Amino acid sequence: PVIAEALEGWDPQGLKAIAVAAAAAQPEAVVVLFTSSTPAQVVVARGARSNVDAGALLRRLAEKFGGKGGGKPDLAQGGGLSAPSTELIAYVRKTL
């Protein structure tokens, strides 16, 4: 399962805490959370039984929408994505 959402009023540290907790609760899931503001911040986390590479997904987002960031296969963070959250969410769902 893919959980991709934009959350209003959260900073990157809050998004990270939510994404990590959601990935722990759903080990098969990939969780991609964006800030609702533009440029967007993003956190990508995967559950223990998912084989999606969070760092690779973040690199693809940055290539398409600008910005930067980094991470490991299980958790990645970035920012500066210059697209509306609806477009970012649609891209993640299409990619995964």
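Which residues does S85 touch, not counting residues up to four places away in sequence? I noted first that this is a predicted model. Then I looked up the contacts: S85 touches A6 and T35.

**Entry 1: S85**

I located S85 in helix α3. Is S85 buried or exposed? I read a relative accessibility of 18%. Buried means under 20%, so S85 counts as buried.

**Entry 2: the loop between β3 and α2**

I picked G47, which lies in the loop between β3 and α2. G47 has a relative accessible area of 3%, so I wrote it down as buried. Next I checked its distance to P27. I left aside the neighbours within four places and listed the contacts of G47: A23, Q26, P27 and A29.

I found S50 in the loop between β3 and α2 too. Its relative accessibility is 10%, so S50 counts as buried. Not counting residues up to four places away, S50 touches P27, E28, A29 and V30. P27 and A29 turn up in the lists for G47 and for S50.

**Entry 3: helix α1**

How far apart are the end C-alpha atoms of α1? Helix α1 covers residues 12-25, which makes 14 residues. At 1.5 Å a residue they should span 20 Å, and I found the ends 20 Å apart, so the two agree.

I then listed the buried residues of α1: G14, L15, A19 and A23. Seen down the axis, they fall within an arc of 160 degrees, so they line one face of the helix. I reminded myself of the general rule: an α-helix has 3.6 residues a turn, so residues three or four places apart point the same way. The face turned away from the buried side of α1 carries the exposed residues Q13, A24 and A25. What covers the buried residues? I noted that the cover includes β1 (2-7), β2 (30-35) and β3 (40-46).

**Entry 4: helix α2**

I repeated the length check on α2. Its 12 residues should span 16 Å at 1.5 Å a residue, and its end C-alpha atoms are 16 Å apart, which agrees. The buried residues of α2 are A54, G55, L57, L58, L61, A62 and F65. They lie within an arc of 160 degrees around the axis, so they line one face of α2. On the other side of α2, I found E63 and K64 exposed. The cover over the buried residues of α2 includes β2, β3, β4 (68-71), β5 and α3.

**Entry 5: helix α3**

I went back to the helix that holds S85. In α3, S85, L88, I89, Y91 and V92 are buried. Their arc around the axis is only 160 degrees, which puts them on the same side of α3. T86 and K94 are exposed on the face turned away. The buried residues of α3 pack against β1, β2, β3, α2 and β5 (75-81).

**Entry 6: α2 against α3**

At what angle do α2 and α3 pack? I read about 130 degrees, with the axes 11 Å apart. The two helices are therefore oblique to each other. I recorded the crossing of α2 past α3 as right-handed. At this contact, L57, R60, L61, K64 and F65 in α2 meet E87, L88, Y91, V92 and T95 in α3.

Definitions and conventions:
Residues are numbered from 1 along each chain as its sequence is written. This is a predicted model: local features need pLDDT of at least 70, side-chain atom pairs count only at pLDDT 80 or more; totals for chains, interfaces and linings use all residues. Side-chain values use heavy atoms; hydrogens and water are left out. Helices (H or I, at least four residues) and strands (E, at least two) are DSSP runs, numbered from the N terminus. The expected span of a helix is 1.5 Å times one less than its number of residues. Buried means under 20% relative accessible area, exposed over 50%, partly exposed in between (1.4 Å probe, protein chains only). The arc is that of the directions from the helix axis to the C-beta atoms. Contact means heavy atoms within 4.5 Å. Axes are lines fitted to C-alpha atoms, for helices over the stretch in contact, and angles run from 0 to 180 degrees between N-to-C directions. Angles under 35 degrees count as roughly parallel, over 145 as roughly antiparallel, 65 to 115 as roughly perpendicular and the rest as oblique. A crossing is left-handed if the near helix is turned anticlockwise from the far one by less than a right angle, and right-handed if clockwise.
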